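Please have the sequence and the viewer open as you read.

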Amino acid sequence: MAQLNVLVSLITEENDYQREQAASAQAAANRLGASLQVIYAGNDAVQQTQQILQFVQDPTKKLDAILVEPVGTGMPQVAKAAVAKGIAWGLINAGVDYLSELRRQGKVPVFSVLSDNETIGKIQGQQIASLLGDSGTVLLIEGPGVRNVARLRTQGMMSTKPPQVAVKTIKGDWTQQSGYHAVKSWLGLSTSRELRVGIIACQNDDMANGARRAFEELPDMKDRDSWLRLPIIGCDGVAKAGQTWVKQGRLAATVISPPSMGDALQLLFTALKNSAQPPEVTLVAPSSFPQLGELERKRGQAAQ
């Protein structure tokens, strides 16, 4: 089998999970003997579309496959253009409804690999129960609504959090800066003092770390210490970021969602080698870090 030429398109370089996606793809490429080029869209859906189309339309690129984690929609027109040129299309962490049709029409692999975002949310809801108990208020920093990642994580969390726990939602864009600015702006509102928040839950670890930084910068020491005593939890659980921040005590917990780009590249390689389609959708299972039982023990010890 000739060397594979693969383009990997990611959302932003300003995010630990996205950098881990790139690293997992590169490790798989090294193992499989594939040639890999990684590009970042700078959190801009239009730019991402233009970047990919430039590769698709340039005959000198000689691409075999594109693996893309979209900023916005699943780019159906870009996908069709790629498959029409004989370029395999792998979609990461985006639910779309056009894959079946493309798989029937095309002669190259077309598939998706998804973090199980609803289960990620369900685990976060269970973490909230373990750390907060049966009642109280959660300040939720939610990701952008242009994809269904944030929606599914919220849906899962709402289904498992205790019924008497209230949720106040503010918005970020997956970066530390967005978590920092979201919390800083919210703290400027009088309602931030009235809600009696008991836990800060963020839909990724970068936003969680940014939120903590906003609390750390509060000028009133008593106010600052009061906020920093609250548990802050995130999602993604990258070893060098979220998991490390939990071990350092910066976060109380995270949900590990293993990077899937390497898995996607392996699926692509196997499919091309066997001249077959991979499964249309592959889900990557998440897990709590620390385990839920450990979180419950810590809450019990703190209450003594």
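## Sheets, a cavity and some backbone details

Strand β5 runs parallel to β11, and 4 bridges join the two. Within this pair, Leu114 stands opposite Leu283 in β11. A word on the ground rules: this is a predicted model, in which local features need pLDDT of at least 70 and side-chain atom pairs count only at pLDDT 80 or more, while totals for chains, interfaces and linings use all residues. Residues are numbered from 1 along each chain as its sequence is written, and side-chain values use heavy atoms, with hydrogens and water left out. Helices (H or I, at least four residues) and strands (E, at least two) are DSSP runs, numbered from the N terminus. Two strands pair if DSSP finds at least two bridges between them.

**The six-stranded sheet**

β5 belongs to an open sheet of 6 strands, in the order β2-β1-β3-β4-β5-β11, with parallel pairing. At its edges are β2 (35-40) and β11 (281-284), each of which pairs on one side only. From one strand to the next, the twist averages 15°; axes here are lines fitted to C-alpha atoms, for helices over the stretch in contact, and angles run from 0 to 180 degrees between N-to-C directions.

Inside the sheet, β3 (residues 65-68) and β4 (residues 88-92) pair in the parallel sense over 4 bridges, with Ala65 opposite Ala88 in β4. On to the next pair: β4 and β5 are also joined in the parallel sense over 4 bridges, and Leu91 has Ser112 as its bridge partner in β5. Together, β4, helix α4 (residues 99-105) and β5 make a right-handed β-α-β unit. Right-handed means that, with the strands pointing away from the viewer, the path from the first strand over the helix to the second runs clockwise.

How many of the residues of β5 are buried? The count is 6 of its 6 residues, where buried means under 20% relative accessible area, exposed over 50%, and partly exposed in between (1.4 Å probe, protein chains only). Both faces are covered, with Val110, Ser112 and Leu114 on one side and Phe111, Val113 and Ser115 on the other. Val113 counts as buried because its relative accessibility is 1%. Val113 and Met261 are 148 residues apart in sequence, yet their C-alpha atoms are 8.1 Å apart in space.

**The four-stranded sheet**

A further open sheet has 4 strands in the order β7-β6-β8-β9, again with parallel pairing. β7 and β9 (232-233) stand at the edges with a single partner strand each, so one side of each has no neighbour in the sheet.

Strand β6 (residues 135-142) is mostly covered, with 6 of its 8 residues buried. The chain goes from β6 through α6 to β7, and this β-α-β crossover is right-handed.

| Pair | Bridges | Bridge partners |
|---|---|---|
| β6 and β7 (residues 164-171) | 8 bridges | Leu139 and Lys168 |
| β6 and β8 (residues 199-202) | 4 bridges | Leu140 and Ala201 |

**The enclosed space**

A cavity is a set of points, on a 1 Å grid over the protein atoms alone, where a 1.4 Å probe fits but cannot get out; lining residues have an atom within 4 Å of a point. Grid points are joined across faces, edges and corners, and a volume is the space filled by probe spheres set on the points. The count comes to 1 cavity of 30 Å³ or more, and the largest cavity holds about 160 Å³. It is lined by 16 residues, and those nearest its centre are Tyr17, Gln18, Glu69, Arg147 and Trp174. α1 (16-32) and α6 (148-160) are the elements that give two or more residues to this lining.

**Backbone details**

Most residues other than glycine have a negative phi, and most peptide bonds are trans. Lys62, in the loop between α2 (45-57) and β3, has a positive phi of about 50°. Asp236, in the loop between β9 and α11 (242-248), has a positive phi of about 115°. Are these two buried or exposed? Lys62 is exposed, at 63% relative accessible area, whereas Asp236 is buried, at 8%. Finally, a cis peptide bond with omega of about -5° joins Phe289 and Pro290; Pro290 is in the loop between β12 (287-289) and α13 (292-303).

Technical notes. On a 1 Å grid over the protein atoms alone, a cavity is a set of points where a 1.4 Å probe fits but cannot get out, and a pocket is an open set with protein on both sides within 12 Å along at least five of seven lines; lining residues have an atom within 4 Å of a point.
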